[in-house]
Amino acid sequence: MTIGRRLFVSSAVFGIAIAVAYWFSAHNPDGAILLGLMAVALIFAAGYMFVAERAARLVGDRANASNADASGERLGVFIVASPWPITVAFSAFLVLLGLAIFPVLAVFGLALLLFGLFRLGRESR
Amino acid sequence: MRSARTLLATSLLLCTAGCGVYALPAGATTQAQVLRQDWMVFTLAGLFVAVVVFGLILFPLFVWRRRSNDYPVQFSQNSKLELIYTIIPLLMVIALFAVTYRDEIIVEHLGAHPANTVDVLAFQWSWRFHYVGTAINIVGMPNAPPQLVLPVDETTRINLTSSDVNHEFWVPAFLFKRDAIAGVKNSFDLRPIRVGVYLGRCAEFCGFDHALMTFTVRVVSQADYARWLRAGGSSIVLSSEGATL
Amino acid sequence: MSRAITTAPSSLAHHGIIEWLTSTDHKHVGILYMCTGIFYFLVAGLLALVIRAQLSQPEMTLVGPHQYAQIFTLHGTAMIFLFVVPFALGLANFLIPLQIGAPDMAFPRLNAFTYWLFFFAGLTIFSGALVNGGAAATGWYAYAPLSEISVSTGGGQDLWIVGLLMSSISGILTAVNFITTIFLYRAPGMTMWRLPIFTWEMVATSLLILMAFPSLAAVLAMLFIDRHFGGKFFDATAGGNPVLYQHLFWFFGHPEVYIMILPFFGVISEIIPVFSRKPIFGYTGLVLSAFAIAGLSMGVWAHHMFTTGVVTNAFFAAVSFLIAVPTGVKFFNWVGTMWRGSIVFTTPMLFAIGFMLNFLIGGITGVMVASPPIDFQAKDSYFLVSHFHYVLGGGSLFAIFGAIYFWFPKVFGKMLSERLGMSCFWLLFIGFNTTFFVMQFLGVMGMPRRIYTYPALPGWGTLNLIASIGSLIMAVGVLVFVWDVVTASLSRKHAPDDPWGGYSLEWWTTSPPPEYNFTSLPPIRSERPVFDAKHPELVRSGNS
């Protein structure tokens with residue numbers, strides 16, 4: 001098992017263990033549910049690690065790998081600039097601000113949010 | 001024999017210093033005596049750890065300052081040492097936990113038959129003290145703090161709750177505080193050991209006049225207390241005053 | 001470097017403000033995070049000075065109760081959510097790809113998005129000061145029912161909730177990005193057990209963020225529903241439960257404390273070896289202790305609730321005490337690193353030593369307040385204020401200054417002045433201890449936190465005055481720092497690529513690093529590849 005998987009699996013096991021220990025020592029449902037949900041989230045993360053790491057060819061995990069071993073590996077597309085992250089963040093800000101103090105802002109913000117997400121998705125394809 | 005006496009004297013001195021360090025109030029209830037012990041143990045343990053670790057941090061700074069451009073031996077582990085410095089702190093905290101566990105049980109113990117019971121209601125921004133079984137109701141205001149009258153050497157049960165936001169009942173001289181939360185009834189026993197007037201206040205931020213949400217606790221002799229109860233809570237009948245602490 | 005990186009040409013301007021607004025380069029995002037954090041540090045520091053002025057004497061009337069509550073709420077919120085955490089995330093953003101030999105973060109656009117979400121979160125929280133009723137005035141943990149609409153009617157509370165909600169979402173996404181980057185984008189030979197300690201601490205921090213922040217988002221959403229959509233989650237008269245708020249908040253709130261300190265354990269573990277000219281002592285133990293702290297910290301939340309009377313104090317006291325063990329291990333690692341080293345007192349090293357001394361006091365008082373019988377006196381008193389400032393101010397803040405003096409040449413290609421840096425350190429160190437040490441006495445004597453005025457009880461005036469004088473000394477120290485940064489930025493002198501004799505990969509590339517970070521990489525065969533490459537004669541010279 002790679003360290004990434006081991007980390008999440010052991011965290012999830014720890015989450016379950018502490019939830020059980022807490023339930024039997026404190027009999028408090030609030031905390032036991034919180035700890036239980038935490039464990040569930042970690043199980044999902046562990047599952048994701050299994051899938052993601054199988055797909056990747058991790059040259060970083062080979063102790064004797066040299067730079068030449070990595071040749072031909074495609075790390076992916078790295079861009080240096082995009083206007084859409086700030087647009088999406090700003091529109092999310094408008095939506096929440098609208099909910100808090102001025103509902104009209106929320107409608108405008110939602111429209112901008114959808115547009116921004118659409119452009120972001122198209123750009124990163 | 002002499003060494004034992006020296007040891008005893010030194011440890012007594014250290015204990016006094018340990019509490020003196022924090023200017024901790026003397027502790028005006030039997031519960032506070034126990035709490036004070038806990039402070040003593042932890043302060044001494046803390047001082048000990050502080051001296052040792054400060055020493056360990058400062059020692060290399062004086063001894064191994066850079067004097068030449070040579071590189072020192074590049075060692076980076078020592079399994080035995082690592083095991084030792086994991087186990088020693090572990091043993092220390094286990095011992096501290098034992099002390100904590102013992103003392104907390106004593107402090108939070110609720111007697112079966114408290115001599116008196118007072119229902120305390122916290123609200124924005126003062127207190128209401130209702131003496132159960134009597135018609136005595138003492139209600140304060142932010143600028144007119146109410147007075148809680150308690151008999152000395154007798155156990156009084158406090159039932160604490162809030163009618164609005166969270167508050168916290170704190171008498172520093174009792175070394176004790178407890179939350180007042182709407183929908184929660186918190187009970188604890190107080191057994192004052194010294195006649196006197198003690199300051200109390202709300203410790204949980206509860207809105208703008210939180211700073212003015214104070215009260216006083218007046219501990220009186222049992223005779224005075226009985227007289228006070230008979231007089232329906234009129235403070236004119238109280239003779240023993242004692243110092244404000 | 002022979003890994004293929006596809007770069008997307010950008011039509012956007014390459015200079016000026018547009019570049020900063022649209023950049024997805026992890027170095028730009030990191031710098032933005034750190035600068036925004038420092039800005040909020042200065043703002044929150046000014047608020048702290050107002051607090052100390054108001055408390056310098058009994059019965060002061062500089063500010064009223066209404067302003068005072070807003071000031072301490074904004075001070076706490078800004079220091080925690082807008083300074084210490086974002087600074088740590090910014091530093092990690094800058095350093096992680098460099099330390100693992102990657103060209104950028106795994107999700108560059110997501111990275112930029114999280115920064116901007118945090119940026120607007122800060123604006124939202126502070127914009128509360130402009131609305132009717134003023135900013136939030138319920139403290140940084142905003143206990144319900146005090147924060148419910150029936151008591152806190154103003155819009156400032158809503159803006160606070162919304163702002164924190166945005167920052168919590170931003171934090172979660174950043175953690176996902178860090179974990180993905182560290183697990184999948186390491187350079188050839190950079191195995192997990194060769195990661196620099198800072199990067200390891202960020203793995204633990206990210207894991208903690210993933211476990212703790214959802215609880216914050218949930219409690220904020222519930223509070224918002226209570227306030228605006230007729231919810232009764234925390235309303236005891238309608239069957240709700242005010243204690244539930246505390247459970248949910250501290251389930252986030254205590255891990256948050258470690259989210260604010262683990263990255264800085266990493267910083268200290270990077271600085272000390274370099275200036276002791278030795279490898280870190282007990283690498284494996286140091287890494288494992290980070291995860292022990294992260295795990296245990298998920299089981300201690302109710303030690304903030306010892307006085308509620310409805311939690312099992314013994315469970316939480318026991319787990320809280322246990323955290324002292326891995327924290328102690330870290331101290332011994334640092335001591336072991338300095339042991340028989342060759343120590344030189346540069347500014348970053350001074351801040352690292354200051355960190356250890358201050359944090360030790362924070363740790364010892366932390367074990368004290370983890371004991372319920374002591375907490376019954378110390379909770380909500382100035383003893384506690386002293387304790388957590390020793391952890392966050394004496395700890396995190398000193399490490400932040402250490403990090404700035406250590407990595408400033410790498411980030412901006414300019415050296416900060418050693419002379420000014422040392423004055424800054426001594427002013428901060430003396431000022432800090434003057435301010436916060438006396439607060440322990442105030443606390444046990446009975447002074448509660450969050451009061452805007454206090455009566456002239458014996459000793460209170462004097463001790464408070466001492467604390468206020470200390471805060472002024474700190475303020476001078478911060479001014480020296482600001483002056484240092486300004487003069488260094490204007491100077492034409494360039495910093496060398498590796499001014500300190502650093503160990504990890506960021507010291508291999510230029511200062512500042514180019515786009516995509518590296519043009520070449522040394523072979524990576526240990527946790528300090530740059531040292532190995534520059535001192536081949538010392539490699540394997542003995543693991544004793």
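This is a predicted model: local features need pLDDT of at least 70, side-chain atom pairs count only at pLDDT 80 or more; totals for chains, interfaces and linings use all residues.
Begin by selecting chain A and colouring it by secondary structure, which brings out four helices and one strand, arranged along the sequence in the pattern α-α-β-α-α. The radius of gyration of this chain is 22 Å, well over the 14 Å that the globule rule gives for 125 residues, so chain A is more spread out than a compact globule.

Colouring by charge then picks out 9 positive and 6 negative side chains, with the centres of the two sets 9 Å apart.

Now widen the view to the aromatic rings, which form 96 pairs over all chains. Select B:Phe174 and B:Tyr198, a tilted pair at 5.6 Å centre to centre with 55° between the planes. B:Phe174 sits in the loop between β6 and β7 of chain B and B:Tyr198 in strand β9, so the pair ties together parts that are 24 residues apart in sequence. B:Phe174 is buried at 2% relative accessible area, and B:Tyr198 is buried at 1%.

Finally, select C:Phe81 and C:Phe252, which are stacked at 6.0 Å centre to centre with 15° between the planes. This pair links helix α3 of chain C, which holds C:Phe81, to helix α7, which holds C:Phe252, across 171 residues. C:Phe81 counts as buried at 5% relative accessibility, as does C:Phe252 at 0%.

Technical notes
Residues are numbered from 1 along each chain as its sequence is written. Chains are lettered from A and ligands numbered from 1 in the order in which they are written. Side-chain values use heavy atoms; hydrogens and water are left out. Helices (H or I, at least four residues) and strands (E, at least two) are DSSP runs, numbered from the N terminus. The radius of gyration is taken over C-alpha atoms; the globule rule is 2.2 Å times the number of residues to the power 0.38. Lys and Arg count as positive and Asp and Glu as negative; His and the chain ends are not counted. The place of a charge is taken as NZ of Lys, CZ of Arg, CG of Asp or CD of Glu. Rings of Phe, Tyr and Trp (its six-membered ring) pair if their centres lie within 6.5 Å; planes under 30 degrees apart count as stacked, over 60 as edge-to-face and the rest as tilted. Buried means under 20% relative accessible area, exposed over 50%, partly exposed in between (1.4 Å probe, protein chains only).
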